[in-house]
Amino acid sequence: MQIHLKIIGVLFIVLALIHVIFPKYFHWKKELSSLSLVNKQMMEIHTLFIAVAVLLMGILCVCSTTEIVETPLGKKIALGMGVFWFIRLIVQFFGYSSKLWKGKLFETIVHIVFSVFWLYVTVIFFSTAFGK
């Protein structure tokens, strides 16, 4: 289980760092220009804090693998992260419109890759939480 947590940790760190390119990739300067200042800044700041939270989860998984697997507190943390990422998995299918990816090769691949990743993360965290 520890190797899976380390893999997840590294992937979380990469995912957090990828957030740096979001404003340019998604053309936020143009796309968000029509929003009120508060809505624009909420989008930017919430994205920053999501990236920070994912980065910290990644660091925790890489640096505290043994504690997550072997301690009661670690198992509770794993349970909490399992619930968090399970909700994220559900949002992948019911929060985003299929119009965003259906019929678009790259977007469909991204949708599938992240669906599998959220499932993998959820299974590993729940297995860690409920395993011996």
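**Helix packing, core and pocket in a predicted model**

The buried residues of α6 pack against α1, α4, α5 and α7. In this predicted model, the residues of α6 that count as buried are Gly 74, Lys 75, Ala 78, Met 81, Gly 82, Trp 85, Leu 89 and Gln 92. The length of α6 agrees with what its residue count predicts, because 23 residues at 1.5 Å a residue should span 33 Å and the end C-alpha atoms are 33 Å apart.

The protein chain as a whole contains seven helices and zero strands. Read from the N terminus on, the order of elements is therefore written α-α-α-α-α-α-α. The C-alpha atoms fill a box of roughly 50 × 30 × 20 Å along the principal axes. Of the 132 residues in the protein chain, 29% count as buried. Among contacts between residues at least 6 apart in sequence, 76% join residues that are at least 24 apart.

When neighbours within four places in sequence are left aside, Trp 85 is in contact with Phe 12, Val 54, Met 57, Trp 118, Val 121, Thr 122 and Phe 125. Trp 85 and Phe 126 are 41 residues apart in sequence, and their C-alpha atoms are 9.9 Å apart in space.

Trp 85 also belongs to the largest nonpolar core, which has 20 residues; Phe 12, Trp 85, Val 121 and Phe 125 are the members that touch the most other members. Two or more residues of this core come from each of α1 (2-18), α4 (37-63), α5 (65-70), α6 (72-94) and α7. The element giving the most to the core is α7, with six residues. In soluble globular proteins, nonpolar side chains tend to be buried together. Phe 12, again with neighbours within four places in sequence left aside, is in contact with Val 54, Met 57, Gly 58, Trp 85, Phe 117, Val 121 and Phe 125.

Helix α4 has 27 residues and reaches 38 Å from its first C-alpha to its last, close to the 39 Å expected at 1.5 Å a residue. Its buried residues are Thr 47, Ala 51, Val 54, Met 57, Gly 58 and Cys 61. These buried residues of α4 pack against α1, α2, α3, α5, α6 and α7.

Helix α7 was treated in the same manner. Its 26 residues should span 38 Å at 1.5 Å a residue, and the end C-alpha atoms are 37 Å apart, so the two values agree. The buried residues of α7 are Thr 108, His 111, Ser 115, Phe 117, Trp 118, Val 121, Thr 122, Ile 124, Phe 125, Thr 128 and Ala 129. The elements covering these residues include α1, α4, α5 and α6.

Two further residues of α7 were considered. Thr 108 is found in helix α7, and a polar atom of its side chain lies 2.6 Å from the backbone oxygen of Trp 101. With neighbours within four places in sequence left aside, Thr 108 is in contact with Trp 101, Lys 102 and Gly 103. Leu 119 also lies in helix α7, which covers residues 105-130. The relative accessibility of Leu 119 is 46%, so Leu 119 counts as partly exposed. The C-alpha atoms of Leu 119 and Ile 13 are separated by 18 Å, and the two residues are 106 apart along the chain.

The largest pocket holds about 1400 Å³ of space. Its lining is made up of 34 residues, of which Phe 22, Phe 26, Arg 88, Tyr 96 and Phe 114 lie nearest the centre of the pocket. The elements giving two or more residues to this lining are α1, α2 (22-25), α4, α6 and α7. Helix α7 supplies the largest share of the lining, eight residues.

A last point concerns the backbone outside the helices. His 27 lies in the loop between α2 and α3 (28-31). Although His 27 is not a glycine, its phi is positive, at about 55°. His 27 counts as exposed because its relative accessibility is 52%, the exposed class being over 50%.

Terms used: Residues numbered from 1 in each chain as written. Predicted model: local features only at pLDDT ≥ 70, side-chain atom pairs only at ≥ 80, totals over all residues. Heavy atoms only, no water. Helix = DSSP H or I, 4+ residues; strand = E, 2+ residues; numbered from the N terminus. Buried < 20%, exposed > 50% of the residue type's maximum accessible area, 1.4 Å probe, protein only. Core = buried A, V, L, I, M, F, W, Y, C linked by side-chain atoms within 4.5 Å. Contact = heavy atoms within 4.5 Å. Expected span 1.5 Å × (residues − 1). Polar contact = N/O pair within 3.5 Å; in protein donor to acceptor, adjacent residues only side chain to side chain. 1 Å grid on protein atoms, 1.4 Å probe; cavity = no way out; pocket = protein on both sides within 12 Å on 5 of 7 lines; lining within 4 Å. Points joined across faces, edges and corners; volume = space filled by probe spheres on them.
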